[in-house]
Amino acid sequence: PASSPPPPEPALRASAPPEAAPAPEAPASPGADGGGEVLTPPPPSFRVLIGQAQRAALAAIQDGLPLLEVEFPPLPSRRLADCTPQDLRDANLRHAVRFAQGLPGQVAVAVPDQAALTEALAATGGSAAVGDSARLHALTIGDTSEYPESGIPVIGKWFSRRRVRPAPWADAYVVVWSSAGD
């Protein structure tokens, strides 16, 4: 069968989140406890996925949850086998920027260190402002290359040894962490 072209990847300088219709629901299927669990197909595009994540995050914030973890698959699965670590970093940054642009207030799109900020600035054409209310920010002063970027478990150790640099202007942070595939 002929395959359709992949959905376009989100641009770094996107506008407000799209108001997409919710994904159609699949028929209910029995869950592990015998109850009805509603299954939904994956979103048709990263744009819809990010819009759904923004709405869910805003609802959680309104419910009083101060700390959230949102993960996006960096690229469509058909592209993961042939991508480079830089492709993953760029995709993670695009998703974080799009996600941040849908949050209220001023949002720091935070990367681990100055080296990562330099890469992020190159990806945005040299501008730290990535929308009306989102701005790139380095979380630490200096370089964190002594720490392997292997995911969330490293963060506690990393922060205990690094001097965190807050963004006093920010109402919220969206932290971009490199994929464990790097």
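A contact here means heavy atoms within 4.5 Å. With that cut-off, 67% of the contacts in the protein chain between residues at least 6 apart in sequence join residues at least 24 apart. The model is a predicted one, where local features need pLDDT of at least 70, side-chain atom pairs count only at pLDDT 80 or more, and totals for chains, interfaces and linings use all residues. Residues are numbered from 1 along each chain as its sequence is written, and side-chain values use heavy atoms, with hydrogens and water left out.

Start with the overall layout. The protein chain has five helices and five strands, counted as DSSP runs (H or I of at least four residues for helices, E of at least two for strands) and numbered from the N terminus. Along the sequence they come in the pattern β-β-α-α-α-β-α-β-α-β. Of the 182 residues, 37% count as buried; buried is under 20% relative accessible area, exposed is over 50%, and partly exposed is in between, using a 1.4 Å probe and protein chains only.

Three strands make up an open sheet in the order 4-3-5, with parallel pairing; strands pair if DSSP finds at least two bridges between them. Strand 4 and strand 5 (172-175) sit at the edges with a single partner strand each, so one side of each has no neighbour in the sheet. On average, neighbouring strands are turned by 35 degrees against each other, direction ignored. Strand 3 and strand 4 run parallel and are joined by five bridges, and valine 111 stands opposite alanine 138 in strand 4.

Helix 3 lies across strand 3, strand 4 and strand 5, at about 165 degrees to strand 3. Helix 4 lies across strand 3 and strand 4, at about 145 degrees to strand 4. For these angles, axes are lines fitted to C-alpha atoms (for helices, over the stretch in contact), and values run from 0 to 180 degrees between N-to-C directions. At the start of helix 4, a side-chain oxygen of aspartate 113 comes to within 3.1 Å of the backbone nitrogen of alanine 115. After helix 4 comes glycine 125, with a positive phi near 80 degrees.

What about the inside? In soluble globular proteins, nonpolar side chains tend to be buried together. A nonpolar core is taken as a set of buried Ala, Val, Leu, Ile, Met, Phe, Trp, Tyr and Cys residues joined through side-chain atoms within 4.5 Å. The largest such core has 22 residues, and Leu93, Phe99, Val109, Leu136 and Val174 touch the most other members. At least two core residues each come from helix 1 (46-62), helix 3 (85-101), strand 3 (107-111), helix 4 (114-123) and strand 4 (134-138). Helix 3 gives the largest share, five residues. Leaving out residues up to four places away in sequence, valine 109 touches a set that includes Leu93, Val97, Leu136, Val174 and Val176.

A search of the whole structure turns up one aromatic pair. Phenylalanine 72 is in the loop between helix 1 and helix 2 (77-80), while phenylalanine 99 is in helix 3, 27 residues apart. Both phenylalanine 72 and phenylalanine 99 are buried. Rings of Phe, Tyr and Trp (its six-membered ring) pair if their centres lie within 6.5 Å; planes under 30 degrees apart are stacked, over 60 edge-to-face, and the rest tilted.

Threonine 140, in the loop between strand 4 and helix 5 (153-161), counts as buried because its relative accessibility is 0%. Its side chain reaches the backbone oxygen of proline 112 at 2.7 Å, and the C-alpha atoms of threonine 140 and valine 111 are separated by 8.5 Å, at 29 residues apart along the chain. Glutamine 101 in helix 3 is buried as well, with a relative accessible area of 11%. A polar atom of the glutamine 101 side chain lies 2.3 Å from the backbone oxygen of valine 130.

Glutamine 106, in the loop between helix 3 and strand 3, counts as partly exposed, at 35% relative accessibility. Its C-alpha lies 5.9 Å from that of alanine 134, 28 residues apart in sequence.

How values were computed
Polar contact = N/O pair within 3.5 Å; in protein donor to acceptor, adjacent residues only side chain to side chain.
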